[in-house]
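This report describes the arrangement of sheets, helices and domains in a single protein chain. The sequence and the structure are shown first.

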Amino acid sequence: MQHENGKIIIAPDELQQKILEILMKYGVKQKDAKIVADTIVEAEMRGVKSHGINMLPAYLRRIKDGGINIKVEPTIIKEKDFITLIDANGGFGQVAGEMATKIAIEKARKYSLSWIGVRNSNHCGMLAYYTEKIAHAGLIGIMLVNANPTVAPYGGMEAVLGTNPISVSIPTKNIPIILDMATSSVAKAKIYRAKELNEKINPEWAIDENGYPTDDPSKAINGVLTPLGGPKGFGLAIIVDVIAGILNNSGFSHYVTSVHKDTTKSQNAGLTIISVSLESFLELETYYQKVNELINLIKASKPRPGFDTIYLPGEIEAMNREKAIKKGLEIDENILNAAFESR
């Protein structure tokens, strides 16, 4: 571990081991702690710092207060053909998400399609962590997760919907194409991170309590986020709340609580993972040939002024990971110290 200009350079394996040790000191089972540590480190490696080490204090606080039940295991409560419904039982969202991912892959291979729902869950971390595994299994992966209300409907100024992220993974011959996005203008965790770093935010991300755009993360936290693309993100957020929340008989809108608040009870979030077999539609070689052709067409297109090249969804994150493997993770010293001192 090295110190440079307020940053700490740490190897991914070292960071994972430290997180694992902290979680186990809180009584988390080793196999569960490993999954949670893996999701945090993977987010840091991909450069998705909003879901990285800065989330650890929130998880520890929920463990301490009872909002994350570390003694339970997710259980299958309904199963029929390619459909499975899992109850996370108020445990780690990461543990339920990992279970749902494995079942999604198994069932898609058996039935060509799988639809896995999870209810009564907590924050599960970065969605790309799960969908990338599905893509590496040679399947298309789709994941939807609902969250507590922090986003106003299009034209409104009260929080009714969550950031409600979506991830889709597309297998290729090389690295998967991975879309991982909030349906709000930004993930709420980025607002909290900006506050921790004493940074201003893009005023298009949020409105204050009076309904006006703000670049102050504190006012944004007390205000509401805006939907991505106005009515488009608003519509997507509703769809996620129905498919990930209501359909799984889990929470939706105000029935889902914040990872940072109401820490004595489960967030009651829902998630859905859908996996699709390629071979059920066309020959694999044909699929990969056409996907590769599409990629080449995109990459060969002319960048507009101010852009050097065109990156596919997930490509920059894959480059970040390679850099982290070679040179280590660069983490803000205050954030890392806050995470380690929270134990």
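Strand E3 and strand E4 (residues 83–87) run antiparallel and are joined by five bridges. Within this pair, Thr75 has Asp87 of E4 as its bridge partner. The model in which these pairings are found is a predicted one.

E3 and E4 belong to an open sheet of seven strands, whose order is E3-E4-E5-E11-E6-E7-E8 and whose pairing is mixed. Its edges are formed by strand E3 (75–80) and strand E8 (177–181), each of which pairs on one side only. With direction ignored, neighbouring strands of this sheet are turned against each other by 10 degrees on average.

## Packing of H4 with H5

Helix H4 (residues 93–111) and helix H5 (residues 128–136) have axes that come within 10 Å and cross at roughly 20 degrees. Because angles under 35 degrees count as roughly parallel, H4 is described as roughly parallel to H5. The crossing of these two helices is right-handed.

On the H4 side, the contact is made by Gly93, Gln94, Gly97, Glu98, Thr101 and Ile105. H5 contributes Tyr129, Tyr130, Lys133 and Ile134. By class, the residues of the contact of H4 with H5 comprise four nonpolar, four polar and two charged.

## Packing of H2 with H4

H4 also packs with helix H2 (residues 30–46): the axes of H2 and H4 come within 9 Å and cross at roughly 90 degrees. The two helices are therefore roughly perpendicular to each other.

In this contact, Asp32, Ile35, Val36 and Thr39 of H2 meet Gln94, Val95 and Glu98 of H4. The residues of the contact of H2 with H4 divide into three nonpolar, two polar and two charged.

## The three-stranded sheet

A further open sheet is formed by three strands in the order E1-E2-E12, with antiparallel pairing. Strand E1 (2–4) and strand E12 (329–332) stand at its edges; each has a single partner strand, so one side of each is left without a neighbour in the sheet. From one strand to the next, the twist averages 30 degrees.

E1 and strand E2 (residues 7–10) run antiparallel and are joined by three bridges. His3 has Ile8 of E2 as its bridge partner.

Helix H1 (residues 12–25) packs on this sheet and touches E2 and E12, with a direction that makes about 100 degrees with that of E2. Helix H11 (residues 333–341) packs on the sheet as well, touching E1, E2 and E12; the direction of H11 makes about 80 degrees with that of E12.

## Domain assignment

The domain assignment divides the protein chain into domain 1 (2–65 + 321–341), domain 2 (75–184 + 228–277) and domain 3 (187–226). Domain 1 and domain 2 are each given as two segments.

The centres of domain 1 and domain 3, taken over C-alpha atoms, are separated by 24 Å. The contact between them takes six residues from domain 1 and six residues from domain 3.

Notes. Residues are numbered from 1 along each chain as its sequence is written. This is a predicted model: local features need pLDDT of at least 70, side-chain atom pairs count only at pLDDT 80 or more; totals for chains, interfaces and linings use all residues. Side-chain values use heavy atoms; hydrogens and water are left out. Axes are lines fitted to C-alpha atoms, for helices over the stretch in contact, and angles run from 0 to 180 degrees between N-to-C directions. Helices (H or I, at least four residues) and strands (E, at least two) are DSSP runs, numbered from the N terminus. Angles under 35 degrees count as roughly parallel, over 145 as roughly antiparallel, 65 to 115 as roughly perpendicular and the rest as oblique. A crossing is left-handed if the near helix is turned anticlockwise from the far one by less than a right angle, and right-handed if clockwise. Contact means heavy atoms within 4.5 Å. Ala, Val, Leu, Ile, Met, Phe, Trp, Tyr, Cys and Pro count as nonpolar, Asp, Glu, Lys and Arg as charged, and the others, Gly among them, as polar. Two strands pair if DSSP finds at least two bridges between them. Domain bounds come from an automatic or database domain assignment.
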